[in-house]
Amino acid sequence: MAHGYLNASYSVFSYAAKRYGGIRAIPPLPPAISVELSSVCNLACPECVTGLGLTRRANSFIGYDLAAEIASQSGGRVLSAWLSFQGEPMMHPEFFRIMELFAGMNPVISTNGHFLNIENCRRLAASPLKKIIISLDGATPEVYTLYRKEGDHAVVMEGIRRLSGTIREMKSKLKVVIQFLVHRGNEHEAEPVSSFARSVGAGFRVKSMQVLDPAGAGKWAPSDPRKSRWVKGDDGAWRAAESSARGCFRMWTSVVITADGDVIPCCYDKELRHVMGNLERQTLSAIWRGERYNSFREKVMSNRRQVDICSACPEGRRLFFK
């Protein structure tokens with residue numbers, strides 16, 4: 001773990017050196033990784049590329065051997081392993097076996113909460129998982145399914161209660177966070193969901209919503225503009241809220257790996273427009289420190305607004321609320 005903190009410190013230093021001194025310095029490995037265990041999902045959320053059936057992968061689930069190789073190459077350097085990207089991670093048939101590979105890297109998952117049966121709750125409570133983020137976007141079934149299409153509100157509520165009870169019973173240190181993706185149709189139910197979270201001993205946070213097409217932002221934009229990633233212009237058109245941030249800290253500190261082993265710069269590259277390399281052919285270190293990645297960092301630092309995946313990115317803006 002000491003090497004991980006040293007690597008993270010050098011990551012911060014390397015970003016600062018580039019940001020303020022124009023000096024190129026790339027850390028040996030990113031201190032944070034996101035690994036896509038599954039590229040498929042059981043839901044059909046309307047502003048999700050997976051929910052819309054737009055995700056294209058050769059493999060629906062990451063192979064165990066590839067996951068093991070990622071863990072092996074990252075061990076001792078990574079302080080945070082996010083085991084999800086586009087799909088539902090708990091649909092992976094070897095979910096718990098793969099999670100064990102990332103023990104010691106503070107693994108976290110984000111789930112829609114439909115797989116919290118008795119056995120899975122006990123295995124989660126006994127696992128190396130540090131935090132589980134569960135989506136619950138409504139206090140009632142009608143509001144919940146406005147966005148979580150094909151979801152079952154009752155199943156998620158009961159699963160959360162079951163997991164919280166199992167954590168208490170097993171004296172587990174697993175942290176549960178209920179995440180409320182706020183939009184115009186559910187904002188009035190944020191407080192009841194927050195109250196439910198308190199009742200089961202879970203954390204709670206409101207997250208602003210990403211919209212794939214600016215033209216549809218008006219349908220979802222909440223009444224509080226601070227909680228929207230989109231703004232309506234004087235011409236009536238919706239566009240991404242501008243960020244004054246220069247460069248991107250994530251380009252120096254984190255990376256995303258798909259179920260096929262493709263390495264991409266961040267979670268906003270949902271269509272894999274900027275694949276930096278593939279772990280079936282290169283090491284993570286070689287990709288991270290390679291010329292393609294370095295050139296992309298230079299471009300983002302120079303003018304992030306000219307990079308397609310950065311144009312709608314809320315870097316520098318607040319995304320989470322109590």
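How many cavities of 30 Å³ or more does a search of the whole structure find? The search turns up two.

## Ground rules

This is a predicted model, with local features needing pLDDT of at least 70 and side-chain atom pairs counting only at pLDDT 80 or more, while totals for chains, interfaces and linings use all residues. Residues are numbered from 1 along each chain as its sequence is written, and side-chain values use heavy atoms, leaving out hydrogens and water.

## Two cavities

A cavity here is a set of points on a 1 Å grid, built over the protein atoms alone, where a 1.4 Å probe fits but cannot get out; lining residues have an atom within 4 Å of a point. Grid points are joined across faces, edges and corners, and a volume is the space filled by probe spheres set on the points. The largest cavity comes to about 60 Å³. Its lining includes Val182, Met209, Val211, Trp220 and Trp230, along with Lys227 and Arg229. By class, that lining has eight nonpolar, one polar and two charged residues. (Ala, Val, Leu, Ile, Met, Phe, Trp, Tyr, Cys and Pro count as nonpolar, Asp, Glu, Lys and Arg as charged, and the others, Gly among them, as polar.)

The second largest cavity holds about 50 Å³. Around it sit Lys18, Arg24, Ile26, Trp252, Asn294, Arg297 and Glu298, which split into two nonpolar, one polar and four charged. Helix 11 (residues 291-303) gives the largest share of this lining, with three residues. Helices (H or I, at least four residues) and strands (E, at least two) are DSSP runs, numbered from the N terminus.

## An open pocket

A pocket, unlike a cavity, is an open set of points with protein on both sides within 12 Å along at least five of seven lines. The second largest pocket contains about 330 Å³ of space. It has 15 lining residues, with Gln210, Leu212, Tyr268, Glu271 and Arg273 nearest its centre. Eight of the lining residues are nonpolar, two are polar and five are charged.

In helix 7 (residues 190-199), the buried residues are Ala190, Val193, Ser194, Phe196 and Ala197. These cover an arc of only 160°, so they fall on the same side of helix 7. The face turned away from them carries exposed Arg198 and Ser199. Their cover includes helix 6 (153-170), strand 5 (175-181) and strand 6 (203-207). Just after helix 7, Gly201 has a positive phi of about 75°.

## Cysteines without partners

The structure has zero disulfides, a disulfide being a pair of cysteine sulfur atoms within 2.5 Å. For Cys248, the nearest cysteine sulfur belongs to Cys313, 5.9 Å away; Cys248 counts as buried at 8% relative accessibility.

Notes:
Buried means under 20% relative accessible area, exposed over 50%, partly exposed in between (1.4 Å probe, protein chains only). The arc is that of the directions from the helix axis to the C-beta atoms. Contact means heavy atoms within 4.5 Å.
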